[in-house]
Amino acid sequence: MTRATARFSRAASALLAMTLAGVSLAAGLTLAPAARADAERDKQYWLGEAGITKAWEVSKGAGVKIAVIDSGVDAQHPDLKGAVTGGFDASGAGSPNGQKILGVKPEHGTLVATILAGRGHQPAGATASPKPGPAAPAGPDGMIGVAPEAEILSVSTWLGSANPAGKSDQDQIPEAVRWAVDNGAKVINISLGSATPQWPQSWDAAFLYAEQKDVVIVAAAGNRIGGNLQVGAPATIPGVLTVAGLDRKGTASVDSSSQGISIGVAAPAENLLGGLPGGGYAEWAGTSGAAPIVAGVAALIRSKWPEMSARQVINRIVSTAKDAGPAGKDPLYGFGVLNAEAALKDSVPEAAANPLGSISDWIRVHRRGNLGAPAPVPTDEVASAVPTLPEPTVPAAEAPSQRDSAVGAAVVIGSVLLFVVIIGAAVFQLRRAARSPGTAREEPDTGAFQTIDSGGKT
């Protein structure tokens, strides 16, 4: 096995734990009871509590494309009709338009998309229905997303189990990011996570490409109940806006979140509602749902100020967040709790740099890479960012010296003589014991002593 192959295998093993970050909760996804769709609208508490309905006074996301890198999106869901305007399959196992639902959690992408850009629908039996389009007005029933006038690009991936097409997450993630950037996405939502904070070197070029093309990437922090005690990649990549989860009291969720220095902001992650493939709804929990809430706010900002840089979009979101936990940035809330109204309405100074770092700076320090135009994503041998052990070395064999041979022979001869002496002594003692019948003989050892009571005395 070559060193490159060994590194590739170790990276593949490290990233095999890649999971859908928000549905790690064993009981986190439950079918909502049958009810009118407008009753489901009432369950979207985050629209008011996170300031989103107030932010709609400024923008609803028109003209912004958001890529959803996930398990595929059902574009035929009543609340997504007209919202999905393009797509791509990075897995090799889906449909070319990215709308075939895939993997161990096929509903995941549709849950994310309806929170992000659901448009609602007309009541059953309505005589008129608005024509679907990029900026069609939201219907009165069903789910309405954070950015209901934005467009969705569905980028399907197969993660969490063996991909029947054979493509690993090492191949799929960078290919998905590049396609999204090249096809006009101004915001990318990745509600996926891994069990390690490190990422393969093959991802560097794709995330650098997104940074250079001024695209906002939002990622889920992961969930403790799913085994993510700490934030995992890609949410640890510098420059990515990582989202932690809140419970219904607005405090850091114990189960539906994780912690880490890369967290940028916190958003609701419990008692969420989402659309299911086929037209239904489900209640669920996890940072997979918190991430599209924040990604939707990023789309609102990019719609209001199309020329605003990605770093300033991220800066507006984190600098207007409501501080929570210890004063200042902390590993549970990041810069604080999302405040969509303030992000759209407050006056925020221009940021000199992305407050969450830069992948280009990281590459310069840690990879010592060329920061020119990114090279194509490698498809064969991929070096891993996971620390690896050095290849073992074989010591050179040396011929034994005459001294070593002499010492060895003396040891052997001495051992033989000692053995003969011991045997002789044993034979002598056995013969002596046979000639002395008064000597007590041992009973077989039972491991315990037995006391006999004689005549009632103790």
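**View 1. Packing of helix α9 in the predicted model.** The buried residues of α9 pack against β10 (216-220), β11 (241-246), β12 (263-268), α8 and α10 (340-345). Buried means under 20% relative accessible area, exposed over 50%, and partly exposed in between, with a 1.4 Å probe and protein chains only. Contact means heavy atoms within 4.5 Å. Helices (H or I, at least four residues) and strands (E, at least two) are DSSP runs numbered from the N terminus. Helix α9 (residues 310-319) is mostly covered, with eight of its 10 residues buried: Ala310, Gln312, Val313, Ile314, Asn315, Arg316, Ile317 and Val318.

This is a predicted model, in which local features need pLDDT of at least 70 and side-chain atom pairs count only at pLDDT 80 or more, while totals for chains, interfaces and linings use all residues. Residues are numbered from 1 along each chain as its sequence is written, and side-chain values use heavy atoms, with hydrogens and water left out.

**View 2. The largest nonpolar core.** A nonpolar core is a set of buried Ala, Val, Leu, Ile, Met, Phe, Trp, Tyr and Cys residues joined through side-chain atoms within 4.5 Å. The largest one has 64 residues, and Trp46 and Ile317 have the most contacts inside it. Helix α8 (residues 287-304) supplies the largest share of this core, 10 residues. Apart from it lies another core of 43 residues, including Phe88, Val215, Ala219 and Ala252.

**View 3. Surroundings of Trp46.** Leaving out residues up to four places away in sequence, Trp46 touches Gly51, Ile52, Ile115, Met143, Pro268, Asn271, Leu272, Leu273 and Ile293.

**View 4. Residues annotated as active site.** An unreviewed UniProt entry lists Asp70, His108 and Ser288 under "active site". The three are spread over 219 residues of sequence but cluster in space, the largest C-alpha distance being 10.1 Å. UniProt positions are given in the numbering used here, feature names are shortened, and annotations may be inferred rather than shown by experiment. His108 is in helix α5 (residues 108-117) and counts as buried because its relative accessibility is 0%.

**View 5. Crossing of helices α7 and α11.** The axes of α7 (residues 202-212) and α11 (residues 359-367) come within 9 Å and cross at roughly 145 degrees. Axes are lines fitted to C-alpha atoms, for helices over the stretch in contact, and angles run from 0 to 180 degrees between N-to-C directions. Asp204, Phe207, Leu208 and Glu211 of α7 meet Ile359, Ser360, Trp362, Ile363 and Arg367 of α11.
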